[in-house]
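Hi everyone, thanks for coming. Let's have a look at the sequence and the model together, and then I'll talk you through a few points.

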Amino acid sequence: MKKFFSGLYLLAFLMFPLPLFASVPLTTVEGHVNSVLKILRDPALKGEAAKKTKKEKIRTISEKMFDFAELSKRTLGPNWKNFNTEQQKEFITLYRDILEDAYMDRIMAYKDEKVIFQKENMLSGDTVEVQSNVITKTAETPINYRLILKGGEWKVYDVVIEGVSLIKNYRTQFREILANKSPEELLKVLRKKVGKA
Amino acid sequence: MIKLIILIAGVIGIVFCFSPAFSDNALPSASPCCRQDQEVTSSQGEKPAPIQDKLTEDQDESVAKPDQPQEPSDQEESIAEEEEEGPQIADPLSPWNKAMYHVNDKFYFWVLKPVTQGYSSVVPEDMRVSFSNFYENVSTPIRFVSNLLQLKFKSAGNELVRFVANSLFGVAGFGDFAKEKMDIKRHDEDLGQTFAHYGIGHGFYIVWPILGPSSLRDSIGFVGDRFLHPLGYIGPGELSLGAAAGIYAHEEVNDTSFHIGEYEDLKKAAIDPYISIRDAYVQHRQKKAEE
């Protein structure tokens, strides 16, 4: 009888999800997003003068949060090999600038709304999707972050907003451009965009 | 008479969408605009071909290209290619679509945005939320029928419950009683998603002036949905075209008032806004169809 119960307890214990490992990606992303939101909401950092400081602070966080090299490779896909090492490095930098601005603008729009981090799904051995929801007055906007475990840290390699994956969206754009232009010309387009933005 | 024409056009359109040339699966071979996809998929198919790298242990899709000095490690290389392709859409009408994109762009900045901003400054947010709820409530038949057609009986039932609860307790639909007090959320479905449910592909991408991006399938769905929309049946006779258009315009302006800034952000973030919008549309519709 005793053996039966202890077996049962063991089974129950084993069935109980181990929270420690499962929640690391979620808490990682949540922490980063909240830091970014805090900077965006900071009343001391409003206005043009503070823009540079704001950008630098967010740059520090985004370097920790995103894996831009991974993002670049996944976005260019097979075209990645067509860039030489120099070009690859430059692409990563330019792409990072574009993404930071894009992500910041999107998050800015939601900075006064409630953001709830809900759950995470394993996508594969070392990738996870963390689901968050932005609660606005008329709708709920799902923003999901896909992370990969690299060097013991969870880093974001894709952001999916309302079902639209950032990587896939940029990949389609780059593919169409690279169908007609060389890597160097693409870099020229990106340099212009970042210079303007 | 007009309805008959629309019906026939709809049937032709559906048959068209079913045809292999335009179904999403056959896309890479059919569409000229997706040449690049074709290259990608055909080269990924060369799995058994000899791979020049020595470290090879992965079963992943590696392309049999000659070694280049900057070759990243095998694992990185395979991740770069392994990333699954997003949903694609044919774009044979791209000159028209690009022209319409520019028309809509101007329409947004010259007409829709200023009107909406004026509207927002006059109408307080709470009232706009109420209007939004009202219009959502009124379009219940569309969601109800589409849920039913997709055999999502529980969701269809929920829509019915929402309609009754919101019309009664939400007071004519201005309040979303069902979501707030009963925690029953909207199950957004339309005829286009119903077609998707039964395997009908997009057909091809179309950008309508003012109405915005759509596809052959979704446009037919949209027309079908308007037949289910109560606007078509109010009053003893049919509502005059002007009045119906006016109500539709109010609904759109009201809705846009909550989304000002998003289009600008999208344009700012995009390298090629036309492609970005097209791709975002396709991904978004696929996500909705999967729900």
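Here is something to start with: does A:V130 count as buried or exposed? Keep in mind as you look that this is a predicted model. The residue sits in strand β2 of chain A, which covers residues 127–135. A:V130 has 24 C-beta neighbours inside 10 Å, and 20 or more are needed to be buried, so A:V130 counts as buried.

Now over to chain B. The chain has 291 residues, and 28% of them count as buried. If we take the contacts in chain B with a separation of 6 or more, 62% are between residues 24 or more positions apart.

How far can we trust all this? Chain B has an average pLDDT of 76, with 71% of its residues scoring at least 70. Please go carefully with residues 21–81 of chain B, though, where pLDDT stays under 50. For that stretch the model still has 80 contacts beyond four places in sequence. Where pLDDT is low, predicted coordinates should not be read in detail. For the model as a whole, the scores are ipTM 0.80 and pTM 0.75.

Technical notes: Residues are numbered from 1 along each chain as its sequence is written. Chains are lettered from A and ligands numbered from 1 in the order in which they are written. This is a predicted model: local features need pLDDT of at least 70, side-chain atom pairs count only at pLDDT 80 or more; totals for chains, interfaces and linings use all residues. pLDDT is the predictor's confidence in each residue, from 0 to 100. Two residues are in contact if their C-beta atoms, placed from the backbone, lie within 7 Å. A residue is buried if 20 or more other C-beta atoms lie within 10 Å of its own, exposed if 12 or fewer, and partly exposed in between; C-beta atoms are placed from the backbone. Helices (H or I, at least four residues) and strands (E, at least two) are DSSP runs, numbered from the N terminus.
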